[in-house]
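Here are my notes on this model, as numbered points. Have the structure open while you read them.

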Amino acid sequence: MVERVPESINFPFEEEKVLQFWNEKDCFRECLKQSKNRPRYTFYDGPPFATGLPHYGHILAGTIKDVVTRFAHQNGFHVDRRFGWDCHGLPVEYEIDKTLGIKGPDDVAKMGIAEYNKQCRNIVMRYATEWETSVRRMGRWIDFENDYKTLYPSFMETVWWVFKQLYEKGLVYRGVKVMPFSTACNTPLSNFESHQNYKDVQDPSVIVSFPLLEDENVSLIAWTTTPWTLPSNLALCVNAEFQYVKVKGECKCGESGAFQVVTDNYVREEEGTGVVHQAPYFGADDYRVCMEYKIIQRDQVPICPVDASGCFTSEVVDFAGQYVKDADKHIIKFLKETGRMVNASSFKHNYPFCWRSDTPLIYKAVPSWFVRVEHMVEKLLANNGKCYWVPEFVGEKRFGNWLRDARDWAISRNRYWGTPIPLWVSDDFEEVVCVGSIAELEALTGHKVTDLHRESIDSLTIPSRCGKGVLRRISEVFDCWFESGSMPYAQAHYPFENRKEFEDTFPADFIAEGIDQTRGWFYTLLVLSTALFGKPPFKNVIVNGLVLASDGQKMSKRKKNYPDPGLIVKSYGADALRLYLINSPVVRAENLRFKEEGVRDVLKDVFLPWYNAYRFLVQNVQRLHQEQDVAFQYNENTVKQSDNIMDKWVQSFTQSLIQFFRAEMDAYRLYTVVPRLVKFVDMLTNWYVRTNRRRLKGESGTEDCLWALETLFSVLFSMCRLMAPFTPFITEMMYQNLRRLIDPASVEEKEAGSIHYLMLPQVRESLIDKRIESAVCQMQSVIELGRVIRDRKTLPVKYPLKEVVVIHQDAEALKDIQSLQKYILEELNVRELTMSTDKDKYGIRLRAEPDHMVLGKRLKGAFKAITASIKELSSEQLEAFQKTGSITVDGHELHEEDLRLMYTFDQSSGSATQYEAHSDSQVLVLLDVSPDQSMMDEGVAREVINRIQKLRKKGHLVPSDEITVHYRCKPAGEYLESVIQAHTEFILATTKAPLMPYPVPKTASVIVEETTQLKGSDLEFTIVKRGSAPQGPLNGPACAYVNLKVKVNSKEQEGVVLLENPRGDNKIDMDNLSRVCSSVFGTNNTQLSFFSGKNELTNKSDIQALLGNTLSVTSSGSAPSPALATDTILCPYVNLQLCNSRPSECLTGEVGTLLLVNPLGHNALDSSGLLLEATRLFGLRGRRLRLYLDQELSQELPADASVNSLNTKTLFVRVLPTTAEA
């Protein structure tokens, strides 16, 4: 049978229970097992670093991945989901450098690469446990046991294979290139890395003079924001298209050599002086121009007097050892002293910072290894065109533009902890061997290889085939982005293993990451797959935006400007956080300002209404079983089609949603799906359940009730399956209870133990009726407009009104509205519905008022004149405006936001005082708001009903609880009391509880009571249990028992074990009889045997069938002594009857038994112990009790009464009432 659903719910607590269920049943692995023979759906997980804790960006991307892969599984695919870890590179090394105080390569050389890499290896998985805990708590199903790590030798070997393929295609070369350089990390960065962290900074802005050799009195003046590059200046560049002020004579360009003036059109007139100084080894354009003019040569030693830490070398005598950015001020001082400074100030501009160390980058020429990319830009663009991007503009614009400007990729890093580049070279670099596998390296070097990190292979040499001695490995390692770009192949150890499996499932069906990866992982994946296979690496990609703090700033641990994700989940649950993130602009690649109240609103506006609809269903299924002995079971194949229009509507709406859901999810448009799902919750709870409460409660007959229950069940069950990928916890919780109501014969899946094993519902197109959906939509418009009128006139819905008039120009629409008349009358609480196409009959006209804020700001001086013209617009003109959305007044085009439309009545029509009007663009609604005393009285009666129902809720009552409501009005005989007396039957029809005036019977079982204010009177309510008069004295013990004769360790005892207490609760079976026995008789840990006569009882024996018998108990293996049969209980006892309350702590029994001694001669109860045990017995700890000798509760048990005199008697228990919170 379906379990009772509590009134309130703690979502995070329920999620923890679901997590436990998933773990116990190993649900994720079971999913994979069930789907192993289905078509494959391939998903790649981009690897994060475990050196930092997961943040909202990770949670967002993880949720998107989980939603899509769960959908794919429930859509009939097998989806392997392996977690990946990025283990190499700057993030790890930077942490070690900070910890160990390492400043540069010399410090690493001192400690040794082996020790350095050992330190890196130790912290690689520093937060792996926290990651796994966070990912699992968010409900994401992904395989951590079968993960991939970029430090696995198998992964690194595939990276070598990838590189060798590129090398053999001629795509790898060594060159000197000016590149973004991180002085904190002592390594160059690729172009896409340098674009990841731009900041606005204030830099020096200096204009420096450069005297001409032929006349030192004449100077060229150049502008720069990097004074530290001036010591390396080799030339000046001007633009031949510009006109320069002639200071003296004619300036001619030199023929060759350094310190000449050259020309190039990269010099712009918008910035600086039109003269740019050239430091070719610190600027990409400088390098290109100086090469073009042969000022520098490709094979010469670079003029680059700055080391890997960004400090000047000894060649720059005046500033040697100074960090270049720190040297700026000293260089400026030097220029002033030497008379070369024309102007010095500061300049604010956007400047790149190292994405890892958050320090300024410099541009510096370094020898690097490159992968050729520029030659295959067209192929990259073509392959990108084969990928489906969500949203589309990211692929077309942001990523497409990046590809069009793609530059050769610098893949080498002068670092230590990474995959070594597998190139062995001669000293002169003339002989190069590229190694593509471990086996190849072992064959070439003659050494066994088990690890591919630098400390393991740097010492290995390869004999030269050209007589150049031995070849040694170059010192560089791969950029970690090369590793993550190789991930599709390396995670499968392709081509060394899983060759067919990989080739059958490549490219991936789906990937997802943040928008910052357009210049990161998305790019490297595409470059490598295009170079290797000529195809894109993925078919579909969802790109998310960034999650920012609530003030729009970047989330910062230092600023503490965002709530801890763990605390958010603890407070509101993972489902709420998931839905908040997915139902936001961030899934459209826009930014989200994270607000905690947004997560809270998901609970309030989505989950609680949804939960209440589910609870309402279960309540009424239980009521049906309790009141009419009808056991509800749902079978989709045999369920009869309801002829109720609202049943048909919600079924049609559900099937339309399923149709939309499947189409949009197939298109990966999560941002259109979630709003529709959220809207559906509103439609279900605020429209279907609300308008069909009476049917669901059985007020229109059993058959109609079953139709409504079957409809609601069907919709909730479909909704759970649709929402399961988005909110895996709440759907699992509901399903585990709802599945008890499903006919097993109707379940298609062999294993239906989890909602996540079930396939998504198929669209049942036969149930879709767009006409009915349209009719209900019209009805909703009428009701909502009517509610606005009530709010405007402060007329609560509890107070009935005479008439609602609906005016619509479309007769078919009026017919649709007429078909739903009873719902309109009920929801608006009106007596009569009138339909019309003629608004003139009611003397209605439109008038307009300008929006002063909007128009006043826009029209300024013309506003006053146009206001008069707006007020003169005719009703016909404004009706046309309603349809078109625009109107021209005095030459100004006005739109919907500029005007406020209102309905007025002709004073001559008589409608002005009777009706209030409101409309949307289609329908006009009039409510008769004229006062009526009988309707006022009914409204007050509805207020009384409302107070009673709220009090029921406070008393944690469900509809099936039988109660009586007692009331009293003070002062008596006033208006309120007369209304209640006149409407008693009306109140009873709604509350289903008899309404009785005070006094409350003394013996009544009080559940809850309250005093409230209504219409100037005090209104007291007491809700009591119906039929709660106590029963008479009981004959014998109220609870089942067995007598025990115990002989253990030569000690004999006699006593009793109650087999239940209270009656029907806490039943004992053979498994726990031994434990109870040990507690009562003090046998400690002795193994016990139980005998009924000569027959030994086993775990399968039915102890309840032996009630009233005498059992023998011995230590295990001992024969029993003959037990003398007795027809009576061995110990004295007293029965307790609970009179005016219900038991708590999940107990239901209202009659129990207390043993006054047990075993015989031991543990005697006194009078205070009797009261204490009574509170424990009925789960009423903390409540005050009174014990009585009679069922009328007139003879209270004296405090000094002898307990021994109570043997075999029945005591009546009265619980003193508490006052419910107001």
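This is a predicted model: local features need pLDDT of at least 70, side-chain atom pairs count only at pLDDT 80 or more; totals for chains, interfaces and linings use all residues.

Which residues touch the most other members of the largest nonpolar core?

1. **The main core.** The residues in question are F482, L577, F594, F607, W610, W649 and F726, out of 223 residues in the largest nonpolar core. Helix α22 (residues 596-628) gives the most to this core, with 14 residues. There is also a second, separate core of 45 residues, and L234, F312, I332 and F370 are among its members.

2. **W649 up close.** Setting aside neighbours within four places in sequence, W649 is in contact with M683, W687, Y688, I772, E773, V776 and Q780.

3. **Helix α23.** This helix covers residues 645-666, and its length checks out: at 1.5 Å a residue, its 22 residues should span 32 Å, and the end C-alpha atoms are 31 Å apart, which agrees. Of those 22 residues, 16 are buried, so α23 is largely enclosed by the rest of the structure.

4. **The two ends of α23.** At the start, a side-chain oxygen of N644 comes to within 2.8 Å of the backbone nitrogen of M646. Just after the helix, Y668 takes a positive phi of about 60 degrees, and Y668 is not a glycine. Y668 belongs to the loop between α23 and α24 (670-691). With a relative accessible area of 9%, under the 20% cut-off, Y668 counts as buried.

5. **Another positive phi.** H493 is a second one to look at: its phi is about 55 degrees, again positive in a residue that is not a glycine. You'll find H493 in the loop between α17 (487-490) and α18 (499-505). At 12% relative accessibility, H493 also counts as buried.

6. **Cis peptide bonds.** Please look at two of these. The bond from V390 to P391 is cis, with omega near 0 degrees, and P391 is in the loop between β12 (388-390) and α13 (392-404). The bond from N1061 to P1062 is cis too, with omega near -5 degrees. P1062 is in the loop between β37 (1051-1058) and α37 (1070-1081).

7. **A buried asparagine.** N737 is in helix α27 (residues 728-738). Is N737 buried or exposed? Buried, with a relative accessible area of 6%. Not counting residues up to four places away in sequence, N737 touches V2, E3, V5, Y614 and V618.

8. **Overall build.** Zooming out, the chain has 38 helices and 44 strands. Its radius of gyration is 42 Å, well over the 33 Å that the globule rule gives for 1222 residues, so the chain is more spread out than a compact globule. Along the principal axes, the C-alpha atoms fill a box of roughly 125 × 105 × 60 Å.

9. Of the 1222 residues, 54% count as buried. Among contacts with a separation of 6 or more, 75% come from residues 24 or more positions apart. The accessible surface of the chain comes to about 55,600 Å², and carbon and sulfur atoms account for 48% of that.

Conventions: Residues are numbered from 1 along each chain as its sequence is written. Side-chain values use heavy atoms; hydrogens and water are left out. Helices (H or I, at least four residues) and strands (E, at least two) are DSSP runs, numbered from the N terminus. The expected span of a helix is 1.5 Å times one less than its number of residues. Buried means under 20% relative accessible area, exposed over 50%, partly exposed in between (1.4 Å probe, protein chains only). A polar contact is a pair of N or O atoms within 3.5 Å; within protein, one must be able to donate a hydrogen and the other to accept it, and residues adjacent in sequence count only if both atoms are side-chain atoms. Contact means heavy atoms within 4.5 Å. The radius of gyration is taken over C-alpha atoms; the globule rule is 2.2 Å times the number of residues to the power 0.38. Accessible areas come from the Shrake-Rupley method with a 1.4 Å probe; for residues, only the protein chains shown count as cover. A nonpolar core is a set of buried Ala, Val, Leu, Ile, Met, Phe, Trp, Tyr and Cys residues joined through side-chain atoms within 4.5 Å.
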